[in-house]
Amino acid sequence: MVSDSPAAAVAGGQLLRAGASTATRQAVTPDARRRLQLVLAAIWLLDGVLQYQSFMFGRGFSQMLAGVAPGNPAIIADPITWAAKIVAQHPVPTNAAFATIQVLIGLGIAGRRTIRPALAASIVWAVAVWWFGEGLGGILNGGASPVNGAPGAVIIYALLAVLLWPVADGDRSDRPPFVAALPVGAATAKVLWMVLWGSLAYFAVTAANRTAQGLHDMVAGMGGGEPGWLSAVNRGAADVLAHNGLAASIVLAVLLGVVAVGVFLPLPLSRAAIVLAIVIALLIWVVGQDFGTILAGGATDPNSGLLLAVLAAAYWPASAVARRPTDSTEALAS
Amino acid sequence: MTPAWILYVFAAIMLVVAGISTCRLFITRSWSGKAPDADIDVAHVLMGIAMAGMLASGLRTLPNDVWVAVFAIVTAWFAWRVAAEARSATGANALATGHHVPHFIHGAAMIYMFAAISAAGSAGSSGMSGMGGMSGSMGTLKLPTIGFVFVLLMVGWAVFDLDQLTGHLSRSGGDRRVAGVSLPAGLRQRVALAAAGGGSPALAAGVVTAGSGGPDLLSAASASSAELTSAAQVSEVATPSDEAVGRLLLDPRVTIGCRIAMSVTMALMLVLMI
């Protein structure tokens with residue numbers, strides 16, 4: 001039987017409003033994994049919004065793509081050049097499509113019923129952008145540095161999508177020790193962590209990055225167009241690094257190496273390593289990457305520092321008592 | 001320069017939000033004489049119109065300074081509502097999950113955007129007749145750091161809203177529903193009583209469908225039982241088709257959907273202005 005009374009509808013409407021208010025107050029409390037998924041969703045949404053910036057619809061975007069090709073092997077560089085030409089010929093439709101895709105990925109991850117296809121799409125999209133938009137993060141052309149965003153911010157999106165994939169929580173006894181271990185297992189997750197942070201340690205001491213002025217020049221070159229306070233931070237950091245590039249690179253590499261092996265250590269040391277990872281990531285994000293140069297206009301993403309911090313949070317070792325489900329996307333979505 | 005058609009698309013979305021909010025105000029007023037969330041709907045109407053005018057110069061309505069004053073009032077109002085929520089049972093938790101915090105932030109962001117536009121205009125920047133002009137003259141924000149903070153808040157709130165919306169829908173999948181919103185058993189009884197008292201027997205059987213209840217909406221029933229009774233006693237003023245449209249517009253998912261659209265659009269506008 002269907003209601004045909006406006007009074008009924010009004011009553012329902014009042015309930016709906018009251019329900020909305022109460023529902024808003026009584027939030028669905030997301031668990032640690034869901035919180036990290038939401039952070040990933042927010043970053044994708046931010047990327048999509050940044051992609052709508054004015055300069056992306058002109059020659060700037062295609063020039064940015066073409067600029068990552070030099071120095072890479074031909075098998076990597078040629079497709080980049082091809083993609084850049086297509087974007088240069090059709091800047092408006094291609095960029096509008098790119099921006100919209102990223103917005104939809106962000107909103108899809110935020111929705112509990114759409115998270116799986118959105119995460120899957122984000123992996124495919126991130127790998128494509130890593131190749132065609134970032135030239136594999138410069139890892140093959142000698143220009144990669146943990147300070148400038150190696151091994152490519154966008155590949156960390158793909159890694160996060162894998163590690164935050166919604167899977168059913170096991171029973172309390174066999175629940176993995178940290179969020180990132182849920183979909184792939186603790187051993188695999190730790191190996192992925194070690195490979196990522198170990199590669200960052202390696203890139204910190206490559207020939208281009210261990211010169212006396214290498215880090216100084218990198219940081220000093222960041223301040224253009226930034227707000228005064230951030231430019232001042234850049235100048236201060238550059239002064240500290242001036243002529244100390246080798247020592248700074250070695251210190252950075254050692255710290256990154258400690259982080260890389262930290263997840264294999266006992267709980268207190270493992271937690272210390274995660275804290276160190278987050279501190280390094282945020283330091284790089286602010287001092288070395290200027291928040292991805294978003295404040296200067298012209299950024300397409302927040303760069304790698306923020307993503308590394310989010311990734312580190314996914315490896316935070318929970319105590320056995322804390323390993324109980326409070327909310328499961330798997331349960332809700334199924 | 002961001003193509004005008006993209007800005008027009010977002011302007012159209014904002015006009016839709018304003019239109020929906022206007023209809024919600026009209027429906028609740030005309031059907032029940034009450035509009036419990038009228039302040040939110042009014043804010044959505046104002047923001048929708050104002051943002052559409054910023055995105056498309058042809059849709060401008062009021063001078064920027066007037067909009068600054070309007071949103072100063074809106075922001076102050078929601079600041080008062082947030083403070084009231086914080087004093088109530090929700091306490092400090094109101095800042096995180098409160099009903100009015102997002103609207104307070106939205107109002108503050110509107111002030112910031114219009115103030116930034118006005119400042120840029122007085123400094124002689126080109127194209128202050130709307131976002132279409134603004135997007136061609138980047139770097140108009142004097143304090144981009146604040147703009148960035150607002151952008152982060154907007155995208156954060158958009159994904160949080162979407163998560164909460166889909167989370168509630170998932171959890172209440174087997175609940176009693178009114179136009180897609182769950183109704184627990186106790187609330188269903190109140191609806192039935194109210195309907196019977198107001199001579200509207202179709203309410204319980206027609207609007208409410210089968211399922212089981214949840215605690216959050218049960219408390220909603222307690223809070224709204226008086227409104228419910230009076231609403232059920234309203235004389236019949238609408239046709240069935242009006243009722244269907246009204247029920248759709250009064251669905252809280254529509255409100256939250258509007259808020260998500262506004263958050264995303266506002267984030268876009270702020271990024272274009274950095």
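Which residues have the most contacts inside the largest nonpolar core? In this predicted model, they are L45(A), L160(A), M113(B) and L270(B), and the core that holds them has 164 residues. Helix α12 of chain B, covering residues 252-273, gives the most to this core, contributing 13 residues.

Leaving aside residues up to four places away in sequence, M113(B) touches M54(B), M269(B), L270(B) and M273(B). L270(B) is itself among the residues with the most contacts inside the core.

Turning to chain A, the fold has 15 helices and zero strands. Of the 334 residues in chain A, 53% are buried. Among contacts in this chain between residues at least 6 apart in sequence, 71% join residues at least 24 apart.

One helix pair of chain A illustrates such packing. Helix α7 (residues 153-163) and helix α14 (residues 304-314), both of chain A, pack with their axes 9 Å apart and at an angle of about 20 degrees. Angles under 35 degrees count as roughly parallel, and α7(A) and α14(A) are therefore roughly parallel to each other. The crossing in which α7(A) passes α14(A) is left-handed.

On the α7(A) side, the contact is formed by A153(A), I156(A), Y157(A), L159(A), L160(A) and L163(A). These residues meet S304(A), L307(A), L308(A), V310(A), L311(A) and A314(A) of α14(A). By class, the contact has 11 nonpolar residues, one polar residue and no charged residues. L160(A), which takes part in this helix contact, is also among the residues with the most contacts inside the largest nonpolar core.

Technical notes. Residues numbered from 1 in each chain as written. Chains lettered and ligands numbered in written order. Predicted model: local features only at pLDDT ≥ 70, side-chain atom pairs only at ≥ 80, totals over all residues. Core = buried A, V, L, I, M, F, W, Y, C linked by C-beta atoms within 7 Å. Buried ≥ 20, exposed ≤ 12 C-beta atoms within 10 Å, placed from the backbone. Helix = DSSP H or I, 4+ residues; strand = E, 2+ residues; numbered from the N terminus. Contact = placed C-beta atoms within 7 Å. Axes fitted to C-alpha atoms, helices over the stretch in contact; angles between N-to-C directions. Parallel < 35°, antiparallel > 145°, perpendicular 65-115°, else oblique. Left-handed = near helix turned anticlockwise from the far one by under 90°. Nonpolar A, V, L, I, M, F, W, Y, C, P; charged D, E, K, R; others polar.
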